[in-house]
Amino acid sequence: MELSASNRIVIVGAGQAAAQACASLRQFGYAGDITLIGDEPSLPYQRPPLSKAYMKGELERERLYFKPENWYRDQSVTLRLRCAAISIDRASRMVVLDTGEALPYDAVILATGSSPRSLPVTGADLKNVFDLRTLEDVEKIRPEMQAGRHLAIIGAGYIGLEAAAVARQLGMDVTVFEMADRVLARVTSPVMSAFFEQEHQNHGVRIQTSVRVAGLLGDDVVRGVQLGDETKVDADLILVGIGIIPNSDLAEDAGIACSNGILVDRDSRTQDPRIFAIGDCARRPLVHYGRNGRLESVHNAIEQGKLAAAAIMGKPRPVEDCPWFWSDQYDLKLQTAGLSEHYDAVVIRGSPQDRKFAAFYLRNGRLIAVDAVNSGPEFLASKKLIVSGAFIAPETLQDTTQSMKEIAANAV
Amino acid sequence: MPKITFVDHAGEERTIEATTGETVMETAIKNAIPGIDADCGGACACATCHVYVDVAFMPKVGQPLDMEQSMLDFAENVQDNSRLSCQISVSEDLDGLRVTTPESQH
């Protein structure tokens, strides 16, 4: 598809993927209409700092915005904030809004994101039980995050652990409850889980793994957590971080194939050639892993925004990088490249005691992923090595007398 | 407000009034300066906001800290005046700063 100045593109969603698609369309020379529809009140903003620097109060709100308001004006992008798309009429090519308006389109980009999974127990609707996904969510929880109060966090994923680190730094008491037998179980290996669990304990966080939350206690305001074994734990506020669910209803209702996310091809195109899906809501081919999957990350949002814009404009397909992620907790920066799945060897470089080390994941001798703690070179070198499918000997990765630059240069 | 001039790889100049306290990367992104990706938004996690600092300003801008230096080692065409622009905070002191952006961050 190649579009001209008379065309209309509707982007549903106003998060990182939407902002990228918008910028990339203009960069690739698209001169037609762009309408960005977002149900939140804010200009498109970065979400990663919400559970890190912004929650801690170290970053002003304006610094979260990708672009100032006048950028959208200058680029002739119509921003429709506080506004939701309720249906797509594919036959007449219209996106219908909750205001009753119908916007005609030549192409639609669905960047509808995801929603926090809610805790399926009694008491989940009590006051002082919070999610963490949007700026408004942070504005609600932050006034409650006061020194000396007890925050119970349900779920030891990135969100839960990043919030735990912030809360400790603000002087709160923090307990984390996790259903799995280790923290970060969904995203990393046991060796990294053990390291992060120990770090949080060293910072005074109580972590309980292999526990089931049976209910939240309280009449109006939450007062505590009831565990599966009947134990009760008092708490002043609760943060629930147990994963997200892709927002695919709009696509499903329009008859577009979905299966834990909106199904797309390498160009981010759904089964309807005029409809694209990008970011958290899309299930895409993971070319370096030979399967489809959904990625919840900045890298994915940016890359798919570029892929969709390039496909619409008939440009060559941008590079598909290996997935990458990061997390900031205390003074630790965890940088992950690749997906650590089905590995047959884990190689540690450096020492966890020094709080500066990396875990490399190999399969059949090839590097498939790395978790790097305060180790930028290990992360950046691995990003390239994973994409090239390099074979590397475990002894080489462990050898700290060789720099990562040298190791990468010698890899085949 | 301090002014920063961005020079792209082809030599085209854009002078921007920057906001004190924000970073050189943020100044670039908000003003649609080409040549800076800044995928991670300033977390020093991605090394895609590499710039060359005008040598005359290097004493004021200063040298990268360890974390930044180790990331810079993996950027393309690194020089002595290379910095990650997300790690340079704008101050009145930097009024008149000139930085050159590379052709590509990858």
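Visitor: Which residues in α9(A) are buried?

Guide: The model is a predicted one. In this model a residue counts as buried if 20 or more other C-beta atoms lie within 10 Å of its own. In α9(A), 10 of the 13 residues are buried, so the helix is largely enclosed by the rest of the structure. The buried residues are Gly376(A), Pro377(A), Glu378(A), Phe379(A), Leu380(A), Ala381(A), Ser382(A), Lys383(A), Leu385(A) and Ile386(A).

Visitor: How far does α9(A) reach from its first C-alpha to its last?

Guide: The helix α9(A) has 13 residues, for which 18 Å is expected at 1.5 Å a residue. After the helix comes Gly389(A), with a positive phi near 65 degrees.

Visitor: Which element gives the most to the side of chain A that touches chain B?

Guide: In the contact between the chains, 18 residues of chain A meet 15 residues of chain B. Two or more residues on the chain A side come from each of α8 (298-312), β22 (324-329), β23 (332-338) and α9 (376-388). With four residues, the element that gives the most is α9(A).

Visitor: How many nonpolar residues has the side of chain A that touches chain B?

Guide: That side is made up of 18 residues of chain A. By class, it has four polar and five charged residues, and its nonpolar residues number nine.

Visitor: How many residues of α8(A) are buried?

Guide: The helix α8(A) has 15 residues and reaches 21 Å from its first C-alpha to its last, close to the 21 Å expected. Gly314(A), whose phi is positive and near 65 degrees, follows the helix. The helix α8(A) is mostly covered, and its buried residues number 14 of 15.

Visitor: Which strands stand at the edges of the open sheet of five strands in chain A?

Guide: The order of this sheet is β9-β16-β10-β11-β12 (chain A), and the pairing is parallel. A strand at the edge has a single partner strand, so one of its sides is left without a neighbour in the sheet. The strands at the edges are β9 (129-130) and β12 (206-208) of chain A.

Visitor: Which residue in β16(A) is the bridge partner of Val129(A)?

Guide: The strands β9(A) and β16(A) run parallel and are joined by two bridges. Strand β16 of chain A covers residues 237-240. The bridge partner of Val129(A) there is Ile238(A).

Visitor: What angle does the direction of helix α5 of chain A make with that of β11(A)?

Guide: Helix α5 (residues 158-169) of chain A packs on the sheet. It touches β10 (150-154), β11 (173-177) and β16 of chain A. Its direction makes with that of β11(A) an angle of about 165 degrees.

Visitor: What is the radius of gyration of chain B?

Guide: Chain B has three helices and five strands, in the pattern β-β-α-β-α-α-β-β along the sequence. For 106 residues the globule rule gives 13 Å, and the value of chain B is close to this, so the chain is as compact as a globular protein of that length. The radius of gyration of chain B is 12 Å.

Visitor: What share of the residues in chain A is buried?

Guide: Chain A has 11 helices and 26 strands. Its radius of gyration, 22 Å, agrees with that of a compact globule of 412 residues. In chain B, buried residues make up 42% of the 106 residues. In chain A, the share of buried residues is 47%.

Note on methods. Residues numbered from 1 in each chain as written. Chains lettered and ligands numbered in written order. Predicted model: local features only at pLDDT ≥ 70, side-chain atom pairs only at ≥ 80, totals over all residues. Contact = placed C-beta atoms within 7 Å. Nonpolar A, V, L, I, M, F, W, Y, C, P; charged D, E, K, R; others polar. Pairing = 2+ DSSP bridges. Axes fitted to C-alpha atoms, helices over the stretch in contact; angles between N-to-C directions. Rg over C-alpha atoms; globule rule 2.2 N^0.38 Å. Buried ≥ 20, exposed ≤ 12 C-beta atoms within 10 Å, placed from the backbone. Expected span 1.5 Å × (residues − 1).
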